[in-house]
Amino acid sequence: MYICGMTFTADFFEFISKNIDAEPNRLRLKYYNATEYSFDMGLAIAQIECRQRIRRKLPSIAAEPRFLFPSTLLAEQCTDELVAQFHGSLFNGCRTVLDMTAGLCIDDIAIASHGCKVTGIEIDTNAAEIARHNMVVMNANVDIICGDSADFIADTDLRFDAIFVDPARRDSHSNRVYDIADCSPNIIALMPLILKRCNYLIVKASPMIDINDTLARIDGITDIWVVAIKNECKEVLIRVSADKSDSEPSIHTVNYTDSDGTAQRFDFNARNGRTSSTPTAMPQAGGYILEPNACIMKAGAFAALADAYGIAQIDNNTHIFVSDKYIADFPGRVFAIDEIIPYKERELKGFGKSYPHINVATRNFPLTAEQLRKKLRCNDGGNQYLFGVGLNDRSCVLIIGHKP
């Protein structure tokens, strides 16, 4: 097999398989200046390093020994397989899809699995050639074009059902950027051309993006998805329709809680669900506190959440909810309240003896979780949870609870 000016033999793949769990730097020392192998030893060890980095987030790729990685950077930056499968579902019904930033093509494989013909644009020559090999290995209906996606959009007469883009979030000095206009390619500048070539565009944006600002700046947004894995926000996806509609965008939150695809989901209307003011109520022992997941927090879905579940916030700046009943399908964590302690010095004496191990968190509170833990002289862990929170009368309390 000949790719990028290099020959990949059975010995190359056998070496990778035999050393898949070995520490890469030790292999580099062990085989430094080794002459008994006919293949590029540095490349083989790089493949081992990449596979070790992706084996959890890309199990299907890790199971295919002939899949090649152009660089460790692409392996680190590629989409998690679980999220890629979600991306693919957004193109159901499409016959043709263009991916302007193919990279390792994890998204392309997932999109193609929904019956789409995918065209991927990759600017790096080596990455494009390796991607062509990988698409054959993975039996994916994906064509790879090597070139600049901005030039391709400007020059092509082709039209696609949909276009996907995951712009690079690094500037020319390798500094991280978050605004879509600062990413490469500049989707804001290319938007008029892109929307002439498709029915809709889906942009993968940073989880740090300002949703309010995005809604104000981009016309034609129909949907926004905030996606997390195990309560860690991974991305914000934006769907822009070529057919400008006056309908209010919908915001969808998806927090994958398990690798089998189990997720907490909550959808709401962008106009009505993101107001800052919601009903407030005091926590009561015997009741419940509800902590929204990271997607809800990012989306600002507090009013929608209060309305959907008939619950109230402790304070509009605390974003912890209270309820007198258990809510099994709440998109976040639910705790039964055991005790409420006023945050006053005389009330805190002996706390560490009463609760030597307790999981500590703070919201709208004068101390960080670590500072509060030290002040109370307790250690993290155990089956009980402490929330240091600010109330709407500007006082603070410690709420002690457990998972029901």
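Me: Is Asp260 buried or exposed?
Reply: This is a predicted model, in which local features need pLDDT of at least 70, side-chain atom pairs count only at pLDDT 80 or more, and totals for chains, interfaces and linings use all residues. Residues are numbered from 1 along each chain as its sequence is written, and side-chain values use heavy atoms, with hydrogens and water left out. Buried means under 20% relative accessible area, exposed over 50% and partly exposed in between, with a 1.4 Å probe and protein chains only. Because its relative accessible area is 57%, Asp260 is exposed.

Me: Which residue has a side chain joined to that of Asp260 by a polar contact?
Reply: Asp260 is found in the loop between strand 10 (250-256) and strand 11 (263-269); strands (E, at least two residues) and helices (H or I, at least four) are DSSP runs, numbered from the N terminus. A polar contact is a pair of N or O atoms within 3.5 Å; within protein, one must be able to donate a hydrogen and the other to accept it, and residues adjacent in sequence count only if both atoms are side-chain atoms. At 2.7 Å, the partner of Asp260 is Thr262.

Me: Which residue has a side chain joined to that of His87 by a polar contact?
Reply: His87 has its place in helix 6 (residues 81-89) and is buried, with a relative accessible area of 0%. The polar contact of His87, at 2.4 Å, is with the side chain of Glu235.

Me: How many residues does the largest nonpolar core have?
Reply: A nonpolar core is a set of buried Ala, Val, Leu, Ile, Met, Phe, Trp, Tyr and Cys residues joined through side-chain atoms within 4.5 Å. Ile163, Ile194, Leu201 and Ile238 have the most contacts inside the largest one, whose number of residues is 49.

Me: How many residues does the second, separate core have?
Reply: In soluble globular proteins, nonpolar side chains tend to be buried together. Ala102, Ala162, Phe164 and Tyr256 are included in this second core, and its number of residues is 42.

Me: How many charged residues are in the lining of the largest pocket?
Reply: Here Ala, Val, Leu, Ile, Met, Phe, Trp, Tyr, Cys and Pro count as nonpolar, Asp, Glu, Lys and Arg as charged, and the others, Gly among them, as polar. The lining of the largest pocket has 22 nonpolar and nine polar residues, and its charged residues number 16.
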